[in-house]
Structure formats: structure tokens, C-alpha cells
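Subject: Handover of a structure and findings

Dear colleague,

Please find the structure below, together with its sequence. My findings follow it.

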Amino acid sequence: MSLRSKLSVLALALSLAVPTLAAAADLKMGYVDYQRVMLEVDEGKSAKARLQKWLEGRQKEIDAEQESLRKEKETLDKQASAMSEETRIQKATDLQKKVYDLAQKWEKSRGEAAERERKEMEPIIAKIDDVIRNIAEREGLAMVFEKRDSGLVYALNQYDLTNEVIRTYNSSKGKAKDAPVAKDAPKK
């Protein structure tokens, strides 16, 4: 290939790349720390407190049953020598079944906790999404990334919408469309 044809190809490539680079320079983006938003909006704090209270109640119930089983085992161990082999085996089997049932109850509790958390957070997440969408539309952002799950390694703080999302959400009481405009959006 001659020098002239190489220069022609280079000129053509640059002429195609320059508009693309210019368009990319006009592309506005932001990011949000979603976890922080969920933990700091008022409804998120309330939901977390309700869930924590429920979890503590369940844990106390399970702890009480576990303590009862521990005492039952101690009693069985102390009285084992005075029991017939058949009675001792039967009581040990009954105790083992109770331990298994308690383990099942604990597992079921974990599933219920996950389901309760999902139900509590689902409407809050929908409202947060509305707030983010409204901010993005108002500011002309082409994309908004989630800080932790998007693979975002570094971004300037000026593109962080987290504080604005929290303020807008809390001030609107969840009505994202009527939210007042906060003024610390990404700089243009």
C-alpha cells in the first residue's frame, strides 16, 4: 500500500471517529449508590427497623426453644443410667427429632425474612427508580449507573447522584413526579 493510500485511509478513519468522539463528549452520565439510598431514605429506615424487630422476635423464640432443648438433653444425660435401654433410645430419638424440627424452623425463618425484606423494599425500590429517572430526565443524563453492581471502578464525585436522590425522595414522601428540584446534579 502506498503512502498516499495509507494517508487516505487514515483521513477517512479520523473523519469517521471525530463525530463519534464529539458525540461521546456530549454523553452525560451519573451514578447512584443504591444501597446507601435504600438505607438512608426515611421509608427505607422504617422498613429496616420493622424487619429488624421481626428478626429479633424470631431469634428470641428460636433461642428459647434451643435453650429448652439443651436443658432436656442435660436431663436425659443425667437420667440415662436409670432408664431402660429402650426408654433411653426413645427419649434420645424424640430429642433428636425436636432438634431437627428447630433447625427446620430456623431455615423457614430465614426464608420468611428474605420474603419480608423483598415485600418491604419492593415499593421503596420502585419509588427510588422513579426519582432517579426524573433526575436523569431533568438533567439530560443518557445513563445512570449503580455504583456497586455496574462494574464502576472510579468516577468523579460530581457525577454522584446519591445525595440528591435521598433528598428528593425524602422531601417528596415517595411522590417522585412532584419532587422539588435539588441543585447538586452532575455538572454539565
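Over which residues does pLDDT stay under 50? The model is a predicted one, and the stretch concerned is residues 176–188. For these residues the model has 32 contacts beyond four places in sequence. For the protein as a whole, the mean pLDDT is 82, and 78% of the residues reach 70 or more.

Overall organisation

The secondary structure comprises 5 helices and 2 strands, arranged along the sequence as α-β-α-α-α-β-α. Of the 188 residues in the protein, 26% are buried. When contacts between residues at least 6 apart in sequence are considered, 83% of them join residues at least 24 apart. The accessible surface amounts to about 13200 Å², and carbon and sulfur atoms account for 57% of that surface.

The annotated region

The unreviewed UniProt entry annotates residues 55–86 as a "coiled-coil region". In the model, this segment is 84% helix and 0% strand, with 40 Å between its end C-alpha atoms.

Helix α5 spans residues 162–172 and is mostly covered, with 8 of its 11 residues buried. Among the buried residues are Val165, Ile166 and Tyr169, as well as Glu164 and Asn170. The elements covering the buried residues of α5 include strand β1 (29–32) and the helices α2 (34–40), α3 (42–79) and α4 (85–139).

Ala47 belongs to helix α3. Its relative accessible area is 1%, under the 20% cut-off, and Ala47 therefore counts as buried. Beyond its neighbours within four places in sequence, Ala47 is in contact with Glu120, Met121 and Ile124. Ala47 and Glu117 are separated by 70 residues in sequence, while their C-alpha atoms lie 8.1 Å apart in space.

Leu27, Met29, Met143 and Phe145 form a nonpolar surface patch of about 300 Å². Of these residues, Met29 lies in strand β1 and is partly exposed, at 32% relative accessibility.

Salt bridges

The structure holds 19 salt bridges. Several may be of interest to you.

- In helix α3, Glu67 and Arg70 are 3 residues apart, about one turn of the helix. Their side chains meet in a salt bridge with an N to O distance of 3.2 Å. Glu67 is partly exposed at a relative accessible area of 33%, and Arg70 is likewise partly exposed at 42%.
- Asp77 has a relative accessible area of 47%, and Lys73 has 42% relative accessibility; Asp77 is partly exposed, as is Lys73.
- In helix α4, Glu137 and Arg133 are 4 residues apart, about one turn of the helix. The closest N and O atoms of their salt bridge are 3.7 Å apart. Glu137 is exposed at 54% relative accessibility, whereas Arg133 is partly exposed at 33%.
- Glu61, Glu65 and Lys105 are joined in a network of salt bridges.

With kind regards

Notes
Residues numbered from 1 in each chain as written. Predicted model: local features only at pLDDT ≥ 70, side-chain atom pairs only at ≥ 80, totals over all residues. Heavy atoms only, no water. pLDDT = per-residue confidence, 0-100. Contact = heavy atoms within 4.5 Å. UniProt positions renumbered as here; feature names shortened; annotations may be inferred. Buried < 20%, exposed > 50% of the residue type's maximum accessible area, 1.4 Å probe, protein only. Areas by Shrake-Rupley, 256 points an atom, 1.4 Å probe, with all protein chains shown as cover. Patch = residues over 30% accessible without salt bridge, like charges linked within 9 Å, V, L, I, M, F, W, Y side chains within 5 Å. Salt bridge = Lys/Arg side-chain N within 4 Å of Asp/Glu carboxyl O.
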